[in-house]
Amino acid sequence: MGNADITGLLSGYGMKCTRQRVDVMRALVNSDAPMSAEMIFSQLKNVSLSTVYRILERFTADGIVTRCVFNGSSEIYYEPSSVKHRHYTVCLGCHEVRYIDTCPVHDTAINNFTVTGHRVEFYGYCDKCLKKSAAPSKP
C-alpha cells in the first residue's frame, strides 16, 4: 500500500493525514505480523513512543486497526482491520509472532450456529529458541 492509498484510507475516516499517522499505518500494512507500539516506534524516525500510542488508540477507536493480545504475552499488538482471516504462531520463548498462510479450520458447520469468523493461534517454540535450548551450556 503506497502513501496515496494510506492517505485515502485515513481521509476516508475523516482524519488529518499527518506524517506520523501515515508512517504508523505504513509500518502496519507492510508488516507480515501484528506489531506492538514499541516495534512500530523502532522503525520510525522523529516520532515519540507516546505519539505512536496516541495514534494507535485513535486508529483502534475509529476501527482502522484491530488490537491483538496473544496468550502468554502481556503486550498488545496491532494490525490493520482490513486484514482478514489470518492465523499466527507465537513463540513461548522469545514471544515472536509469525503469520502463517494456511487455515487449519476447514469445517465451519457447527450445529445450530453460523460461523462468521474465527481466530487461531499456535503456541510453541521457534527454531531459534529450540536451538538455544538444545545448545550445551558452558561451564
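Select C17 to begin: its relative accessible area is 31%, so C17 counts as partly exposed. Here buried means under 20% relative accessible area, exposed means over 50%, and partly exposed lies in between, with a 1.4 Å probe and protein chains only.

Before moving on, know what you are looking at. This is a predicted model, in which local features need pLDDT of at least 70, side-chain atom pairs count only at pLDDT 80 or more, and totals for chains, interfaces and linings use all residues. Residues are numbered from 1 along each chain as its sequence is written, and side-chain values use heavy atoms, with hydrogens and water left out.

**The whole chain**

Color the model by pLDDT, the predictor's confidence in each residue, from 0 to 100. The protein averages 84, and 88% of the residues score at least 70. Now show the cartoon. Trace the elements from the N terminus: α-α-β-α-α-β-β-β-β-β-β-β-α. Which element has the highest mean pLDDT? Helix α4 (residues 49–61) does, at 96. Strand β6 (residues 109–110) has the lowest, at 72.

Of the 139 residues, 29% count as buried. Next, think about contacts, meaning heavy atoms within 4.5 Å. Take the contacts with a separation of 6 or more: residues 24 or more positions apart account for 50% of them.

**Cysteines**

Select the cysteines. How many disulfides does the structure hold? The count is 0. A disulfide is a pair of cysteine sulfur atoms within 2.5 Å. Zoom in on C129, which is in no disulfide. The nearest cysteine sulfur belongs to C91 and is 3.6 Å away. C129 is buried, at 13% relative accessibility.

**Helix α2**

Select residues 19–29, helix α2. Its buried residues are R21, V22, D23, V24, M25, A27 and L28. What covers them? The cover includes α1 (3–12), β1, α3 (37–43), α4, β2 (65–69) and β3 (76–80).

R21 is buried yet has no salt bridge. A salt bridge is a side-chain nitrogen of Lys or Arg within 4 Å of a carboxyl oxygen of Asp or Glu. The nearest side chain of opposite charge is D62, 7.3 Å away. For charge, Lys and Arg count as positive and Asp and Glu as negative, while His and the chain ends are not counted. Look instead at the backbone oxygen of K16: the side chain of R21 reaches this atom at 3.1 Å. Not counting residues up to four places away in sequence, R21 touches L10, M15, K16, I55, R58 and F59.

**Salt bridges**

Side chains of opposite charge can pair when their charged atoms come close. The whole structure has 5 salt bridges.

Start with R19 and D23. Their closest N and O atoms are 3.4 Å apart. Both residues lie in α2, 4 residues apart, about one turn of the helix. Are they buried or exposed? R19 is partly exposed at 42%, whereas D23 is buried at 12%.

Go on to E57 and R67, with closest N and O atoms 2.6 Å apart. E57 sits in helix α4 and R67 in strand β2, so this pair ties together parts that are 10 residues apart in sequence. E57 is partly exposed at 36%, and R67 is partly exposed at 37%.

Then pick R58 and D62. Here the closest N and O atoms are 2.8 Å apart. R58 is partly exposed at 33%, and D62 is partly exposed at 27%.

Select S36 in strand β1 (residues 35–36). S36 is buried, with 1% relative accessibility. Leaving aside neighbours within four places in sequence, S36 is in contact with E75, I76 and Y77.

Last stop: V90, in strand β4 (residues 87–91). V90 is buried at 4% relative accessibility. V90 is in contact with F70, E96, V97, F122, Y123 and G124. Now find C126, 36 residues from V90 along the chain. The C-alpha atoms of V90 and C126 are separated by 8.2 Å.

Note on methods. Helices (H or I, at least four residues) and strands (E, at least two) are DSSP runs, numbered from the N terminus. A polar contact is a pair of N or O atoms within 3.5 Å; within protein, one must be able to donate a hydrogen and the other to accept it, and residues adjacent in sequence count only if both atoms are side-chain atoms.
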